[in-house]
Structures are given as C-alpha cells and as structure tokens.
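The sequence and the model come first, and the description follows.

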Amino acid sequence: KLDQNIYMSSICGAYKAFMDAGVRPDIVTLAEIGQYPLLILTNHIVIGKETAAQLRSYVESGGVIVCDGKVGITDEFGTLLHTLPGGDLNAVLGHEFIDADYETLDFDFEGTQYQGYYGRELVAVTDGEVLGRFADGNPAVICKKTGKGIAMTVNTTLWYGYKTGASDADRFAAMLADRFGLRQLSATDGLMVRACESEDAVYLFVFNYTNEAKTGRVSGCGV
C-alpha cells in the first residue's frame with residue numbers, strides 16, 4: 001500500500017540513507033541550493049517555471065541533481081506539465097516519460113546491484129546517458145551533463161524504499177558520496193559514526209552494531 005505522505009517519507013528516507021553513509025545532509029530552500037554540491041529531488045511532483053529555471057541554473061553552474069520516483073508532474077497550480085518529467089526542467093534530464101509499472105524494480109548501476117521499491121518509471125532516453133538498467137533492459141539510471149553540472153535520474157522510488165526498510169539505498173548514497181566527494185565522516189571495520197555541532201565544538205559518536213568488539217579509525221571533521 002502506498003504511503004499517502006510519500007513525499008515526506010521519501011525525504012526522510014534520503015536523509016537517513018545519507019546519514020548512514022557518513023554524510024550530514026540538510027533540508028534547504030530553493031534560495032540556499034547554491035551552497036550545496038548535490039541536491040536530492042525525491043518524489044518532488046510539483047515543479048513550476050521559476051523552480052525549474054533555478055534548478056537549471058544550479059546544474060549549469062556545476063551542481064548535481066539526483067532525482068528519483070515521480071519528479072516534475074505538475075506546476076504549482078496543479079496543471080500537468082507540458083513535458084514529463086520536469087516541464088522546463090526536462091532539458092537537463094535527458095529523457096521523457098512513457099509509462100509506469102510495478103515489476104522488475106531491482107537494477108544494475110555500473111556493475112553493482114541495487115534494490116528498487118514500489119514502482120518504476122518507463123522512459124525514452126533523448127540526450128542522456130544510460131548508466132544503469134533494470135533486469136529487463138529498461139533504463140534505470142540516466143545521467144546528463146549540462147554546463148558544468150550533472151542531472152541523474154533513478155527511475156524507481158529509491159529513498160522511499162529506504163524509509164520503509166525495504167531497500168539498500170544507503171549503499172547508493174555511499175556511492176554518490178564517494179563519486180561526488182560528499183563524505184564528511186567515515187569509519188573503518190564496520191563502525192558507524194555521527195556528528196553533532198555546537199558553536200565551538202564538534203561531538204563525534206561512534207557506534208558498533210555488531211556483537212563483537214571492534215577497533216577502527218574515524219576520519220573527517222578534522223579528525
């Protein structure tokens with residue numbers, strides 16, 4: 001059964017996946033996106049002209065956008081966009097929507113298998129590059145370079161699946177962190193690390209979720 005609050009659940013899933021991958025994410029406004037190297041658009045159904053223009057400018061200036069689920073279906077007035085997905089944002093996405101289905105959701109990305117969840121978008125690639133495919137050959141991950149930046153689309157509800165505990169999207173988040181230099185904290189030997197900041201200090205918390213004693217190394221945040 002689909003969560004009626006899928007948008008917030010998807011945001012929570014993305015936030016948790018990146019935290020678990022050693023990246024400290026923020027939830028930002030459109031005016032703040034230029035301060036961040038990578039932006040997640042997860043089940044972000046509403047994209048108006050102004051939002052599309054700012055997102056395009058963000059990519060052209062070197063930003064990375066990672067989309068998943070249903071992105072850019074209507075404008076802020078509830079009107080179906082002229083081109084799916086994204087409307088005016090479609091120019092940086094590199095594909096067009098054909099249909100949706102709910103089978104064959106797991107996918108391969110550059111030789112590594114990941115779990116999809118709930119459904120997938122079937123698309124026609126225009127000028128993007130297919131970097132990952134579902135088992136039946138349909139495009140699962142599409143990238144397009146525009147200006148100095150990149151837009152990546154994952155054609156399943158990746159982060160929503162992680163919120164429900166039904167996907168391994170933390171591995172995909174870790175891949176993105178390494179690919180785009182996002183990782184701020186890391187720990188060896190299966191340990192997990194979190195950080196909290198005050199005005200004059202950073203507090204690190206190291207967790208061992210196994211049943212064995214662990215000795216490892218933490219790096220990041222000046223450590």
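In this report, contact means heavy atoms within 4.5 Å. By that rule, and not counting residues up to four places away in sequence, Lys 49 touches Glu 76 and Asp 88. This is a predicted model, in which local features need pLDDT of at least 70 and side-chain atom pairs count only at pLDDT 80 or more, while totals for chains, interfaces and linings use all residues. Residues are numbered from 1 along each chain as its sequence is written, and side-chain values use heavy atoms, with hydrogens and water left out.

**The chain as a whole**

The secondary structure comes to four helices and 13 strands. Helices (H or I, at least four residues) and strands (E, at least two) are DSSP runs, numbered from the N terminus. The radius of gyration is 18 Å, close to the 17 Å that the globule rule gives for 223 residues, so the chain is as compact as a globular protein of that length. That radius is taken over C-alpha atoms, and the globule rule is 2.2 Å times the number of residues to the power 0.38. Along the principal axes, the C-alpha atoms fill a box of roughly 55 × 40 × 35 Å. Of the contacts with a separation of 6 or more, 59% are between residues 24 or more positions apart.

Buried residues make up 43% of the 223 residues. Buried means under 20% relative accessible area, exposed over 50%, and partly exposed in between (1.4 Å probe, protein chains only).

**The sheet**

Seven strands form an open sheet with mixed pairing, in the order β1-β2-β9-β8-β7-β4-β5. Two strands pair if DSSP finds at least two bridges between them. At the edges are β1 (38-42) and β5 (112-114), each of which pairs on one side only. From one strand to the next, the twist averages 20°.

Strand β2 has parallel neighbours in β1 and β9, as the table shows.

| Strand pair | Bridges | Direction | Facing residues |
|---|---|---|---|
| β1 and β2 | Five | parallel | Leu 38 and Val 64 |
| β2 and β9 | Five | parallel | Val 66 and Met 152 |

Five of the five residues of β2 are buried, so this strand is largely enclosed by the rest of the structure. Val 64, Val 66 and Asp 68 lie on one side of β2, with Ile 65 and Cys 67 on the other.

**Helices**

Helix α4 (residues 169-179) packs on the sheet, where it touches β2, β4 (107-109), β5, β7 (129-134) and β9. Helix α1 (residues 6-20) packs with α4 at an angle of about 65°, their axes 8 Å apart. Axes are lines fitted to C-alpha atoms, for helices over the stretch in contact, and angles run from 0 to 180 degrees between N-to-C directions. Ala 17, Phe 18 and Asp 20 of α1 meet Ala 169, Asp 170, Ala 173 and Leu 176 of α4.

**Two single residues**

Lys 49 is found in helix α2 (residues 49-60) and is exposed, with a relative accessible area of 60%. Its C-alpha atom is separated by 46 Å from that of Tyr 209, 160 residues apart along the chain.

Thr 146 lies in strand β8 (residues 139-146) and counts as buried at 14% relative accessibility. Leaving aside neighbours within four places in sequence, Thr 146 is in contact with Val 59, Glu 60 and Val 92.
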